[in-house]
Amino acid sequence: MALWGMVIDLDRCTGCQACVMACKAENNVPAVGAKEAARGRIISWMQVLTEEDEEHPGEKMRFLPRPCLQCDDPPCTKVCPVYATYRNPEGIVAQIYARCIGCRFCMAACPYNAKYFNWHRYQKDAPGQNPDVSIRPKGVVEKCTFCHHRLQKARDRALAEKRELLPGEYMPACAEACPARAIVFGDLSDPGSEVARLARSPRAFRLQEELGTKPKVVYLTEGEGRG
Amino acid sequence: MAERTDNLDAPLLAPIERTGPGFYWSVGALSVLVLWGAVAYWSQFSEGLGVTGLHQPVSWGFYVTNFVFFIGISHAGTLISAILRLSKAEWRRPITRMAEVITVMVLFIGAGQILVDLGRPDRMLNVIRYGRYQSPLLWDATSISAYLTASIVYLYLPMIPDIAILRDRLAKRKLLYTVLALGWTGSERQQRVLNRAIAIMAVLVIPIAVSVHTVVSFVFSMTLQPMWHSTIFGPYFVVGAIFSGIAALIVAMIAFRRAYRLQGYLKPIHFRYLGQLLLVMSLLWFYFTFAEYLTGYYGSEPEEMKVFWAKFSGPFWPLFWGMALTNFVIPVLTLARLGRHTVGKVLIASLSVLVGMWLERFIIVVPTLSNPRLPFGEGIYGPTWVEWGEMAGSFALFALFYLLFTKLFPVISIWEIREGRDVGLREVEERLLTYLPETGEPPVATTERGH
């Protein structure tokens, strides 16, 4: 069985936020409006974090695109009281919007703040929505799913054409949209895949690796100016 | 004889027999606050949790703080009363009932906080339908419902003889008292069975009470978050719970002592003993807090230190140092010498501890959430009128429940006071004699006791 993962090359990331916008459009992530945004309620499954570079203060910013890291040992699924969030057999951490009771325990437990809450009913049945992604009601938690609906579609197509799923046939919107090709997506369990090869690079690291959450999003550290 | 003792304890029945204007004023004032809470909750129910000040990353705030606080208060009761009963502390007699009532009432309010906090209260039953026992929230649900059940039984059992007194003496609410008295006649066999049952419940209730606040702490300590992931949290929360519980008990005792003129029953000596207990808990609380923060500081992991400094000198400093002042400095200063003005001093210390323990719960819940590990920037949380309303309503609802209880049942156990006069005195003397070495001379009070 495949183990879907992602490699993000921080040397290539320009901080352009194309991944963020592609994600919002693909997954019907609602714009919460200026007032709610000012209150800290932006929903952004993919978020580009910025940090001042300690080695070049005032001159250089570091960018860190952060989707859900799809941990293999996720702290969020451990604490869910109703099985509304779980890790599926292919390693994707899912959220069942119809079951979630909105206790926000998973949000408190996630060390990466990758889970978001619908404080109001933000999503309206408006035209232009992606019909493959369900609308979230108020009061539930939502999160990045590696565009899981795309996997389902690709798999259905392969099944209809009586063939195996091809590498590169399933790709989340963020990876597809990145103009700098900083995001590489694929099957980590296939040692020959590009994503598995990059994940073995000496530049590879994982966020908060010491917590033992085993994220399947791997970063390649900036090379320039760093030993 | 029976007539004489009845009149002797008339002040205990007076609040049930007569109702003054003070009662109606209190109920009115409390109802206004409860109404405010209801309006606040209705606005949240229809519009979503967005009407609160919660956001990303501070997704837990007042409600979770109140949950931990109220569940903590519940330890007043049952635990203190059980320990005093088991240790045969004779001064417990006028106190136990008040303590047990606090527990039962406050558990409803505390468990209610979690329901108020849910984004989807309509799906509350999912916890039973799809319950996942690996989640600390399920441990909470189990432990708290067990505690609530045990506390209700433990409150009810010692009430039976008193309800029988009400049944025989009062003209009103005959049906209620007759049903609840379960045909109590006070026969020797009934007395024996009752005492046995109370003793069993007292033993049973202690481990349940300890488990309750331990698993409440596990909600935080089972996560990996800085300043939450701590092995000390279980006992730390239990100590804080007993600490705030005693304070709440003292405040309730002083309020009803004044309102129902119970000065003859609740004497300065009772407040002095409870005050000393409060002092011990204050020192113990300080010890735990010191151990917890020093361990974090000395290791100085960067993530821990971010939260640590947010509390010490960052945006939360007034709350953190306010907590240190109200939980440690004020109680120690007021309770160290209780020779004179006992009741006043104990009241000041208790009110201070109630504020302090609420701050302590807040300072545990919020700063960790507002300082995420990744560079998101610090989240500042400010509650809205909805959260203030819900909090005021919760406190008022608790007080209202308590007040209504005292109008239906005696707030001090009548039969246990009588038992103290009739049996307790002699029993204590006998017990005391068994502690002393045999002198060879016949003891002053010659009582035949077979071995």
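Two strands are taken to pair if DSSP finds at least two bridges between them. Helices (H or I, at least four residues) and strands (E, at least two) are DSSP runs, numbered from the N terminus. The model is predicted: local features need pLDDT of at least 70 and side-chain atom pairs count only at pLDDT 80 or more, while totals for chains, interfaces and linings use all residues. Residues are numbered from 1 along each chain as its sequence is written, and chains are lettered from A and ligands numbered from 1 in the order in which they are written.

In chain A, an open sheet of 4 strands has the order β8-β1-β10-β9, with mixed pairing. Strands β8 and β9 (204–205) of chain A stand at the edges. Each has a single partner strand, so one side of each lacks a neighbour in the sheet. β1(A) and β8(A) (residues 183–187) run antiparallel and are joined by 5 bridges. Here A:Met6 lies opposite A:Phe185 of β8(A). β1(A) also runs parallel to β10(A) (residues 217–220), through 4 bridges. A:Ile8 has A:Tyr219 in β10(A) as its bridge partner. The pairing of β9(A) with β10(A) is antiparallel and covers 2 bridges. In that pairing, A:Ala204 is bridged to A:Leu220 of β10(A).

Burial was assigned from C-beta atoms placed from the backbone: a residue is buried if 20 or more other C-beta atoms lie within 10 Å of its own, exposed if 12 or fewer, and partly exposed in between. Strand β1(A) (residues 4–9) has 6 of its 6 residues buried, so the rest of the structure largely encloses this strand. A:Trp4, A:Met6 and A:Ile8 point one way from β1(A). A:Gly5, A:Val7 and A:Asp9 point the other way, and all are buried.

The expected span of a helix is 1.5 Å times one less than its number of residues. Helix α6(B) (residues 96–117) has 22 residues and should span 32 Å; its end C-alpha atoms are 32 Å apart, which agrees. The bend at a residue is the angle between axes fitted to the seven residues ending there and the seven starting there. α6(B) has a kink of about 25 degrees, centred on B:Val106. Of the 22 residues of α6(B), 18 are buried. B:Ala99 belongs to this helix. It counts as buried because it has 26 C-beta neighbours inside 10 Å. B:Thr78 is 21 residues from B:Ala99 in sequence, yet their C-alpha atoms are 6.4 Å apart. Contact requires C-beta atoms, placed from the backbone, within 7 Å. Neighbours within four places in sequence aside, B:Ala99 contacts B:Ala76, B:Gly77, B:Ile80, B:Ser81 and B:Leu249.

α16(B) bends by about 25 degrees at B:Ile363, and the proline B:Pro367 follows within four residues. With 25 of its 29 residues buried, α16(B) is largely enclosed by the rest of the structure.

Between the chains, 36 residues of chain A are in contact with 36 residues of chain B. On the side of chain A that touches chain B, the elements giving two or more residues are β2 (47–52), α3 (75–79), α4 (105–109) and β6 (115–117) of chain A. α4(A) gives the most, with 4 residues. This side of chain A divides into 21 nonpolar, 6 polar and 9 charged residues. In this division Ala, Val, Leu, Ile, Met, Phe, Trp, Tyr, Cys and Pro count as nonpolar, Asp, Glu, Lys and Arg as charged, and the others, Gly among them, as polar.

Definitions and conventions. Contact = placed C-beta atoms within 7 Å.
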